[in-house]
Amino acid sequence: MKPFLGDDFLLQTDTARQLYHEHAAKMPIFDYHCHISPKEIAENKSFRNLTEIWLAGDHYKWRAMRTNGVDERFCTGDATDEEKFMKWAETVPHTLRNPLYHWTHLELKKPFGINKILNPNTAQEIWDEANDKLNTPDFSCRGIIRKANVHTICTTDDPVDSLEYHRQIKEDGFEVNVLPAWRPDKAMAIENSEAFNAYIDQLSAVAGMDVSTFDQLMEALDKRHAFFHENGCRLSDHGLETLYAEPYTNAEIAAIFSKVRGGGKVNQEELLKFRSSMLYEFAAMDHKRGWTQQYHLGAMRNNNRRLFENLGPDTGFDSIGDYSLATPMSRFFDRLDYEGKLTQTILYNLNPRDNEVIATMLGNFQDGSVPGKFQFGSGWWFLDQKDGMTKQMNALSNLGLLSRFVGMLTDSRSFLSYSRHEYFRRILCNLLGNDVENGEMPADMELLGQMVENISFNNAVNYFRF
């Protein structure tokens, strides 16, 4: 019987163990998509306690606590930080076979060095030990980033953001690259004209120009895109139900924008046409400046209207959607390719039924200019666990080139989530190790070791060229 979370955690064969310990474990982290705060990095924030750094904003944990019968005040409410942590400790034993059980103990092990199992009996001891460490300089934001051996971080930033904290981080001489990533979802969200117009007013202010027409909207966004480029951004990201590729005319889009800018409401056909136009324009901007574009596809958000109205978005009420992807995806990328405007692209799906759809779509638009120009993004959100990551890598292996994969990212709001890279690397090494032991791949450790190092880090460095 192997010890829980021992040195060979998830590594079932000698080959897997060799690949992980001699190759994967030593590689730095290239975290090219996350939601951590650049402000907190710039200020080198120190956290008061384990709840502030670990539970605040973590809707994964909140969902589990609610399912375990924990009242909302211990998730997002007015309970004290210690009370919230104790409720999480009560929940952890009930998360067995949920990835949260693994993540929780990996995050206690690194960076805290805590190897105890979290439960009500150990909660106070773990709370005290972790809090004592959080009150030292080594456990500030930057200290934790250093401990995790992070090379690059790409945050998620709105076009109206000043990027002042990214500039401050750079000016401070922090040795880790902390770069912005362009997330323009609000600029196409015309379904709520009041919120959209308030956003366009913000955009108008930061771009220093009037935005009354669609052409002016695109001019303002392009100015901000150029500003992001000047501040080191080379990566965009879009959170969408699916890709949009409805036929439209420029006159139609101008009329739809004028209608919304005047406070009018759009119908479904107008909404889809506008989204299609905006996605195309954003992709053209990314191509013009040589960026990589990312598309996170398939989330059904804010399902619980009552709690959305009380708590807002990103609080644990989203799920996997069953949207149609293949046809609009093909049309969207085909138009860009035909017009010579298709840049490097990473596609993430949330519904595992779409793994093979994504994996085969990649091959349609590889053009030989860049290894893995079209990437199948790592298992995302509900799929960034052992089963989801294994299925994603199997689909990529069967239908593409796993060896060109740019690997894992945290997609997290927590500075303790770098252990997800370790989790991914162990799963990758185990997958390859089993193939070797089964005689399905040669036991060429030079070949396999280089492949593991590339997927863990090198491929991302070469792909993004930051």
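# Close-up views of helix packing and buried residues

**View 1. K386, M389, T390, M393 and N394 of α17 meet Y423, F424, I427, L428 and L431 of α18.** Here, and in every view, contact means heavy atoms within 4.5 Å. Sorted by class, the α17–α18 contact has 7 nonpolar, 2 polar and 1 charged residues. (Ala, Val, Leu, Ile, Met, Phe, Trp, Tyr, Cys and Pro go in the nonpolar group, Asp, Glu, Lys and Arg in the charged group, and the others, Gly among them, in the polar group.) The model is predicted: local features need pLDDT of at least 70 and side-chain atom pairs count only at pLDDT 80 or more, while totals for chains, interfaces and linings use all residues. Residues are numbered from 1 along each chain as its sequence is written, and side-chain values use heavy atoms, with hydrogens and water left out. Helix α17 covers residues 386–399 and helix α18 covers residues 419–437; their axes come within 10 Å and cross at roughly 55 degrees. Each axis is a line fitted to C-alpha atoms, for helices over the stretch in contact, and the angle between N-to-C directions can run from 0 to 180 degrees. That makes α17 and α18 oblique to each other. The cut-offs are under 35 degrees for roughly parallel, over 145 for roughly antiparallel, 65 to 115 for roughly perpendicular, and oblique for the rest. The α17–α18 crossing is right-handed; that word applies if the near helix is turned clockwise from the far one by less than a right angle, and left-handed applies if it is turned anticlockwise. Helices (H or I, at least four residues) and strands (E, at least two) are DSSP runs numbered from the N terminus.

**View 2. Helices α15 (residues 326–338) and α16 (residues 355–364) pack at about 20 degrees, with axes 11 Å apart.** That angle makes α15 roughly parallel to α16. A326, M329 and S330 on the α15 side touch V357, I358 and M361 on the α16 side. The residues of this α15–α16 contact split into 5 nonpolar, 1 polar and no charged.

**View 3. Helices α4 and α5 pack at about 70 degrees, their axes 10 Å apart.** So α4 is roughly perpendicular to α5, and the crossing of α4 and α5 is left-handed. K61, A64 and M65 of α4 meet K84, K87, W88 and T91 of α5. By class, the α4–α5 contact has 3 nonpolar, 1 polar and 3 charged residues. Look for V70 in the loop between α4 (59–67) and α5 (81–91). V70 has a relative accessible area of 11% and is therefore buried; the cut-offs are under 20% for buried, over 50% for exposed and in between for partly exposed, with a 1.4 Å probe and protein chains only. Leaving aside neighbours within four places in sequence, V70 is in contact with M65, C75, K87 and T91.

View 4. With a relative accessible area of 2%, E107 is buried. Past its neighbours within four places in sequence, E107 touches W54, K61, F112, L416, S417 and S419.

**View 5. Q344 is found in strand β8 (residues 344–349).** Q344 counts as buried because its relative accessibility is 7%. A polar atom of the Q344 side chain lies 3.2 Å from the backbone oxygen of Y463. Beyond neighbours within four places in sequence, the contacts of Q344 are W291, T292, Q293, V370, K373, Y463 and R465.

**View 6. I29 lies in strand β1 (residues 29–31).** I29 is buried, at a relative accessible area of 6%. I29 and H151 are 122 residues apart in sequence, but 5.5 Å apart in space, C-alpha to C-alpha. Neighbours within four places aside, I29 is in contact with residues including H151, Y418, H421, R425 and F457.

**View 7. T15, A16, R17, L19, Y20, H23 and A24 are the buried residues of helix α1 (residues 14–24).** The cover over these buried α1 residues includes α18 and α19 (445–464).

Note on methods. A polar contact is a pair of N or O atoms within 3.5 Å; within protein, one must be able to donate a hydrogen and the other to accept it, and residues adjacent in sequence count only if both atoms are side-chain atoms.
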